[in-house]
Amino acid sequence: MASVEIRDLRKSYVNTQVIKGVSIDVEDGEFVVLVGPSGCGKSTLLRMIAGLETISGGEIRIGSDVVNNVPPKERDIAMVFQNYALYPHMTVAENMGFSLKLKKVPKDEIRRKVDSAAGILGLGPLLERRPRQLSGGQRQRVAMGRAIVRNPQVFLFDEPLSNLDAKLRVQMRTEIKALHQRLKTTTVYVTHDQIEALTMADKIVLMHDGVVEQMGPPLELYDRPANRFVAGFIGSPAMNFLNGRIEGGRFVGEGDVSLPLAEVPSAAEGRPVVYGIRPEHLLLDDAGVEAEVAVVEPAGSETQVSARLGGAEIVGVFRERIAARPGERIRLMPVPEAVHLFDPETGQRL
C-alpha cells in the first residue's frame with residue numbers, strides 16, 4: 001500500500017486546459033472518491049494517476065516515488081474500468097490471472113492468488129465460465145478480482161457501476177466498500193453519482209471545470225458546503241435556493257416570504273444573499289410560511305413535495321404520508337440551524 005500525492009497537476013489539450021492546478025493528498029489505505037458532473041476532469045485525473053494520460057504540469061507521487069514519467073505497468077497500480085475489459089475467449093480464472101501470466105509468475109502461485117481473490121468475491125463456482133455466461137455484476141467482480149490478484153499499492157476505479165441496474169449498483173457499492181475495509185488498499189474511485197460518493201468515501205474530492213471545489217469527509221461537504229455549487233451537487237434531492245436579503249435578522253425573499261435564521265453572519269444585515277435549505281430540513285408546521293403544492297410524489301417511506309413559495313419552486317421531503325393535492329396550500333417551516341447562506345455574486349458560503 002502507498003499514499004498518493006498530487007501537486008499542482010495540470011493537463012492541456014492544444015489550447016484547452018482541462019485540469020487546472022489540482023492538489024490532492026490520498027493517505028495510505030484511504031478510500032478517496034473523485035466526484036463531479038460530466039466534463040469536470042475527474043476521469044482524466046484518474047488516467048493521469050494511472051499513466052494513461054500525459055501530464056502537462058505538476059507532480060504525482062505514489063509512495064515516495066515521483067511517477068510523472070513512469071510507464072503504467074511500473075506504477076504498481078491496478079485499474080477497474082467501466083466496461084469491465086474482460087477477454088471473451090478466456091475463462092474467469094484465466095482473465096483474473098492473465099496479468100500474472102504475463103509476468104511469468106509460476107502457475108501454482110497464479111492459481112493460489114486467483115483462488116484467494118475468487119473466495120473474497122464469491123467467484124469460486126464461476127472460475128471455469130466465460131464472460132458471456134456471467135451477469136453484469138459477476139463480470140464486475142471478475143474485473144475487481146483481476147485487480148486484487150496483482151496486490152497493487154493503489155486501486156483505481158473508473159465509474160465501475162455505471163453499467164449496472166439500480167438494485168445491483170447498491171449491492172456492488174456495498175461489496176466494494178467491504179472489500180476495501182478488508183484489504184485496506186489505497187483506493188481512488190471516480191463517479192458522477194454523489195450518492196455513491198457519500199456512502200463509500202473516507203474523503204470526497206468534488207471537482208468542477210478542472211478544479212477542486214471542496215475536499216473533505218462526506219458529511220463535512222453535506223453539512224458545511226464551501227459554496228453554492230457544492231451545496232447544489234451534494235445531496236438528493238438537491239438543496240433549495242431562494243434569492244433575497246437579510247432584514248431584521250431574518251431572510252426576506254420574493255413575495256415577501258420571511259424565513260427564520262439561527263444566526264446572521266457579520267455585516268450581512270441588509271445585503272442580498274442566496275438562502276439554501278435542504279428538502280429534508282423543511283417541516284410541516286402551522287406556524288410556517290404558506291406554499292402552494294405543485295406535485296406530490298409518494299415513495300413509501302417518505303413523500304416528496306414540490307411547491308411554490310413566493311416566486312420560487314422548492315422541494316420538501318417528509319416522513320409523513322401527505323394527502324395534499326396540487327393547488328392546495330401547506331405551511332412549511334425550515335429548521336433555522338440547517339440554513340446555508342451564500343454570496344449571490346461569488347457563490348461562496350457566508
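**Entry 1**

I located D76 in the loop between β5 (65-66) and β6 (77-80); helices (H or I, at least four residues) and strands (E, at least two) are DSSP runs, numbered from the N terminus. The phi of D76 is near 55°, a positive value in a residue other than glycine. I noted this because most residues other than glycine have a negative phi, and most peptide bonds are trans.

**Entry 1: basis of the notes**

The model is predicted: local features need pLDDT of at least 70, side-chain atom pairs count only at pLDDT 80 or more, and totals for chains, interfaces and linings use all residues. Residues are numbered from 1 along each chain as its sequence is written, and side-chain values use heavy atoms, with hydrogens and water left out.

**Entry 2: domains**

I looked up the domain assignment, which gives domain 1 (4-232) and domain 2 (238-342); such bounds come from an automatic or database domain assignment. The centres of domain 1 and domain 2, taken over C-alpha atoms, are separated by 39 Å.

I also consulted UniProt, where an unreviewed entry carries the annotation "domain: ABC transporter" for residues 4-234. UniProt positions are given here in the numbering used for the model, feature names are shortened, and annotations may be inferred rather than shown by experiment. Over residues 4-234 I recorded 37% helix and 26% strand, with the end C-alpha atoms 25 Å apart.

**Entry 3: the interface**

I found eight residues of domain 1 in contact (heavy atoms within 4.5 Å) with ten residues of domain 2. The two domains bury about 730 Å² between them, 56% of it on carbon and sulfur atoms. Buried area is the accessible area (1.4 Å probe) that two parts lose on being put together, summed over both. Of the area that domain 1 buries against domain 2, Y222, R228 and A231 supply 71%, more than any other three residues.

I then searched the interface for polar pairs. Zero salt bridges cross it, a salt bridge being a side-chain nitrogen of Lys or Arg within 4 Å of a carboxyl oxygen of Asp or Glu. Two residue pairs are in polar contact across the interface, both at pLDDT 80 or more. A polar contact is a pair of N or O atoms within 3.5 Å; within protein, one must be able to donate a hydrogen and the other to accept it, and residues adjacent in sequence count only if both atoms are side-chain atoms. On the domain 1 side, α7 (218-223) and α8 (228-233) each supply at least two of the residues that touch domain 2.

I placed F241 in strand β11. Among the residues F241 touches, leaving out those up to four places away in sequence, are R228, A231 and Y275. F241 and Y275 are 34 residues apart in sequence and 5.5 Å apart in space, C-alpha to C-alpha.

P237 lies in the loop between α8 and β11 (240-247), and the peptide bond from S236 to P237 is cis, with omega near 0°.
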